[in-house]
Amino acid sequence: MNIGISIKKDSTKVAKAIIVKDNKILLLKRSSKVEKHKGEWDLPGGHTHVGERLLNGLKREIFEETNLASSGEKLVHKDKIKDHHFFLVKETKGVLSLSSEHDSHAFVEFSRIPYLQNLTNYYRNVILKCLKLGGYEIE
């Protein structure tokens, strides 16, 4: 019996957003209730679904995690080994509201990224690289 519920399977591709606003980026703090990366800073985004376009998956994940609709996305970095794709996002609309995957959020100044605790070195390096590729200056 089909009751109209469709479960989408995650692909190996990950799309992450570096949402920029007033020389700050949006970071989300992983919930203590999730299995992976508890208490770490995270970027909005996640796994795309099998067969889903990368940009559509990014937009869906941003909305699911933040309640924000995004536009002006630009792919600035692809990690070919991990199959992670990083986009600069310059515009969002809506009222920020977090999913249960995250406990809190912060708009962090570019200059604080190198020193931020609970941000993995992988994300730290990728964020700084993407900001530079996007033409932003980090003091």
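## Close-up views of a predicted protein chain

Of the 139 residues in the protein chain, 42% count as buried, where buried means under 20% relative accessible area, exposed over 50%, and partly exposed in between, with a 1.4 Å probe and protein chains only. The model is a predicted one, in which local features need pLDDT of at least 70 and side-chain atom pairs count only at pLDDT 80 or more, while totals for chains, interfaces and linings use all residues. Residues are numbered from 1 along each chain as its sequence is written, and side-chain values use heavy atoms, with hydrogens and water left out.

View 1. Taken along the principal axes, the C-alpha atoms fill a box of roughly 60 × 30 × 30 Å. Among contacts between residues at least 6 apart in sequence, 66% join residues at least 24 apart, a contact being heavy atoms within 4.5 Å.

**View 2. The largest pocket, with about 520 Å³ of space.** Of the 20 residues that line this pocket, the closest to its centre are Lys16, Arg30, His37, His47 and Tyr123. On a 1 Å grid over the protein atoms alone, a pocket is an open set of points where a 1.4 Å probe fits, with protein on both sides within 12 Å along at least five of seven lines, and lining residues have an atom within 4 Å of a point. Grid points are joined across faces, edges and corners, and the volume is the space filled by probe spheres set on the points. At least two lining residues each come from strand E1 (10–21), strand E3 (41–42), strand E4 (45–49), helix H1 (54–66) and helix H2 (121–133). The lining divides into 4 nonpolar, 6 polar and 10 charged residues, where Ala, Val, Leu, Ile, Met, Phe, Trp, Tyr, Cys and Pro count as nonpolar, Asp, Glu, Lys and Arg as charged, and the others, Gly among them, as polar.

**View 3. Arg30 and His102, two buried residues in contact.** Arg30 belongs to strand E2 and has a relative accessible area of 11%, whereas His102 belongs to strand E7 (residues 102–109) and has a relative accessible area of 4%. Leaving aside neighbours within four places in sequence, Arg30 is in contact with residues including Lys36, His37, Glu40, Asp42, Glu101 and Asp103, while the contacts of His102 include Leu28, Ser31, Asp42 and Glu65. His102 and Pro44 stand 58 residues apart in sequence, yet their C-alpha atoms are 9.8 Å apart in space.

**View 4. The largest nonpolar core, with 21 residues.** The residues with the most contacts inside this core are Ile18, Ile25, Leu27, Ile127 and Leu131. Two or more residues are given to the core by each of E1, strand E2 (24–30), strand E6 (84–93) and H2, and the largest share, 6 residues, comes from H2. A nonpolar core is a set of buried Ala, Val, Leu, Ile, Met, Phe, Trp, Tyr and Cys residues joined through side-chain atoms within 4.5 Å. Apart from neighbours within four places in sequence, Ile25 is in contact with residues that include Ile18, Leu43, Ala106, Phe110, Ile127 and Leu131. Ala106, in strand E7, touches Ile25, Leu26, Leu27 and Trp41 when residues up to four places away in sequence are not counted.

**View 5. Asp22 and Asn118, two loop residues with positive phi.** Most residues other than glycine have a negative phi. Asp22, in the loop between E1 and E2, has a phi near 55°, and with a relative accessible area of 66% this residue is exposed. Asn118, in the loop between E7 and H2, has a phi near 65° and counts as partly exposed at 44% relative accessibility.
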